[in-house]
Amino acid sequence: MTKRNTVEAAANRTQGRLFGSFGLYGVRQRAEQYKDEKFTALLHHITPMLLKKSYYLLKHDAAYGVDELTWYEYYRDHHNRIEYLHERVHKGSYRAQPVRRTYIQKEDGRQRPLGIASLEDKIVQQAVHIVLSQIYEADFVNFSYGFREGRSQHDALDALYVGITQRKINWILDADIQGYFDNINHEWLMKMLEKRIGDRRILRLIRKWLKTGYIEDGKRVKQEIGTPQGAVISPLIANVFLHYALDIWAAQWRKNKARGDMIIVRYADDFVIGFQYYTDAVNFLTELKLRLERYGLKLHPEKTRLIEFGRYASGNRKRNGKGKPETFDFLGFTHICSKNKEGGFFLRRKTIKKRFRKKCKEVKQELWRRMHENIKTTGEWLGSVITGYANYYAVPGNMRIVKALYTRSVREWIRVLRRRSHKARSLKWKEFRKYVEWLIPRPRLVHPFPDLRFRTLALEVRAG
């Protein structure tokens, strides 16, 4: 039978630490030690202190939900409000409110639905997320990177780079699950959660958030499937769903069925799998479709491709008269088979063209909107935009694109300044250059080569 555990009551281990309770520390230790154990008493970890910390973690300027309550309005009496919220959660009188549905424009022109929860729902979801993360961070596989503590998009990009360049990878399956968040099956999800969560009160809270529905055009719509994107709890439960539906199965497939090398990197519903042999890739793709269909999911027909890629792809395709190897996109970068100065294989990563053009357009529009703003204020804003862009995209092989954004933005800024007035039209480049050097830092390489970063981390682990 499945072992059960209640875990001791929470007690503060250190002051000022969010996860500094002996209870949560004990949950993490227990979860790591006993992989089949079911936790039957977790709600007592939802303390007034944890709810308060969860409230502080929320974005202060986030959009409000159907309660029309902002973070700052709640702050006026947040101590008493959180005490009352804690009381309702533990007595069972807490009621989840429907989310407010809104839409954002996607790159392909379609609209993506977002669900904005009410403020107190966000607080409780954040607290539950913190508690459950102690369990699931011990369970999640190493090739899962999305929405996890201590893991970023660049960790996933680095892992993919090292896998392709240092393993025998000749084929890439670039996969995307169609409408993933909108098609999560509630019953399957609850069964998956029940494998580790035995506290019926925690499960009841999650079911409330799943079933509460949303408000659109003044009407309440029931939600029988899917989880709202934008909800605090959604990333965790989405990871749990794919952990059981995909990750464990893929890891076993690699171990038991793959004839050659195989790498897997997943970030949320976007994942890339590399294979040494074409037959492995075809067999895996066939079985993957069946596996996902079992859980009510399917691969996006246009965004899922199997391509020849890797150190031998250029030579193989040239001999077969097929031209250059195809490219694939992952986490904002187009991955390209290229060559270094010595003529060897080099995996080049460049900003996706659509994203680069979109960013340039956004900067241009904002500069014209700020035409009559103080030069220092505009310069500081533009400097923060370029620095932020470089912090993500300044990787080896992509500096030409990063510098192009800098150049285009600076040139557009002087055009805007020269249109401010007749006097401003005589603004010389030499004079303008002083403002640029003062306010806008030149973009520099931020991220080292992934294999170098991996090697550095390995040395630090050994030294520690």
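W413 is buried in this predicted model, with a relative accessibility of 2%. The ring centres of W413 and F432 are 5.3 Å apart and the planes meet at 70 degrees, so the pair is edge-to-face. W413 belongs to helix α14 (residues 399–418) and F432 to helix α15 (residues 429–439), and the pair links these distant parts of the chain, 19 residues apart.

A search of the whole structure finds 23 aromatic pairs. One of them joins F147 and Y267, and this pair is tilted. F147 sits in the loop between α5 (119–136) and α6 (153–166), whereas Y267 is in strand β8 (residues 262–267), so the pair ties together parts that are 120 residues apart in sequence. F147 is partly exposed, with a relative accessible area of 42%; Y267 counts as buried at 14% relative accessibility.

The geometry of the two pairs is set out below.

| Pair | Centre to centre | Angle between planes | Class |
|---|---|---|---|
| W413 and F432 | 5.3 Å | 70 degrees | edge-to-face |
| F147 and Y267 | 5.9 Å | 50 degrees | tilted |

Ring pairs also build a cluster, whose members are Y55, Y56, W71, Y72, Y74 and Y75.

Charged side chains are found over rings too. R151 places its charged end over the ring of Y145, 4.7 Å from the ring centre. Over the face of W188 lies K191, at 5.2 Å from the centre of that ring.

Definitions and conventions:
Residues numbered from 1 in each chain as written. Predicted model: local features only at pLDDT ≥ 70, side-chain atom pairs only at ≥ 80, totals over all residues. Heavy atoms only, no water. Phe/Tyr/Trp six-rings, centres within 6.5 Å; stacked < 30°, edge-to-face > 60°. Helix = DSSP H or I, 4+ residues; strand = E, 2+ residues; numbered from the N terminus. Buried < 20%, exposed > 50% of the residue type's maximum accessible area, 1.4 Å probe, protein only. Lys NZ or Arg CZ within 6 Å of the ring centre and 35° of its normal.
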